[in-house]
Amino acid sequence: MAGTEQHGHDHGGHQDHGHAHDHDHGHTHGHDHGSADGHRPGFVSAHNPGAGQGPVVLDIGGDVGALVLHTPAEMVGREIEISPAGRDDERQHVEVLPRTTPSGAVRPTAVFGALQQGGWTLWQADGSAALRVTVTGGEVVEARWPEPAV
């Protein structure tokens, strides 16, 4: 998958965990993804303190598009996983960050800056599918995270 690479960097004494992972998510690796926040066991990451403080770079064109996911404010700081439709184990993630719009309003969003065109599944922390979107090459798709059922 474009935009992925094998982990081979130092994890502070941890073993390389040998899976592909997208590095376009605004932070480096160092926190445990096997925690109660719904991440996969053995995955490690550390947050980039400068993430979300400037414009987002989108790598779109040809058969690559982007997704801007609008979320409720309480999701700021949470990571959202996404995978190509039908390939649930090929996940990548980005963090929901407060981003300033051109009008000056602050909106919580997750930005997936380079996705192959086609269907994508976004995942809840409990591992269930939250939303399905279709990305078109050369375009930015906007979607809204589903509100919890009342």
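Among contacts in the protein between residues at least 6 apart in sequence, what percentage join residues at least 24 apart? The share is 50%, where contact means heavy atoms within 4.5 Å.

The structure is a predicted model, in which local features need pLDDT of at least 70 and side-chain atom pairs count only at pLDDT 80 or more, while totals for chains, interfaces and linings use all residues. Residues are numbered from 1 along each chain as its sequence is written, and side-chain values use heavy atoms, with hydrogens and water left out.

Confidence is expressed as pLDDT, the predictor's confidence in each residue, from 0 to 100. The protein has an average pLDDT of 74, and 63% of the residues score at least 70. Strand β1 (residues 4–6) has the lowest confidence, with a mean of 33, whereas β10 has the highest, at 97. Over residues 1–47 pLDDT stays under 50, and for this stretch the model has 99 contacts beyond four places in sequence.

The secondary structure consists of zero helices and 12 strands. Both kinds of element are DSSP runs numbered from the N terminus: helices are H or I runs of at least four residues, and strands are E runs of at least two. Of the 150 residues in the protein, 39% are buried; buried means under 20% relative accessible area, exposed over 50%, and partly exposed in between, with a 1.4 Å probe and protein chains only.

One part of the fold is an open sheet of four strands in the order β7-β6-β10-β11, with antiparallel pairing. Its edge strands, β7 (92–95) and β11 (129–135), each pair on one side only. Two strands pair if DSSP finds at least two bridges between them. Strand β10 (residues 118–123) is joined to β11 in the antiparallel sense over six bridges. Thr 121 has Arg 132, in β11, as its bridge partner.

Thr 109 lies in strand β9 (residues 106–116). Why does Thr 109 count as buried? Thr 109 counts as buried because its relative accessibility is 6%. Beyond its neighbours within four places in sequence, Thr 109 is in contact with Val 68, Leu 69, His 70, Thr 71, Glu 95, Val 96, Leu 97 and Arg 99. The side chains of Thr 109 and Arg 99 are also joined by a polar contact of 3.3 Å. A polar contact is a pair of N or O atoms within 3.5 Å; within protein, one must be able to donate a hydrogen and the other to accept it, and residues adjacent in sequence count only if both atoms are side-chain atoms.
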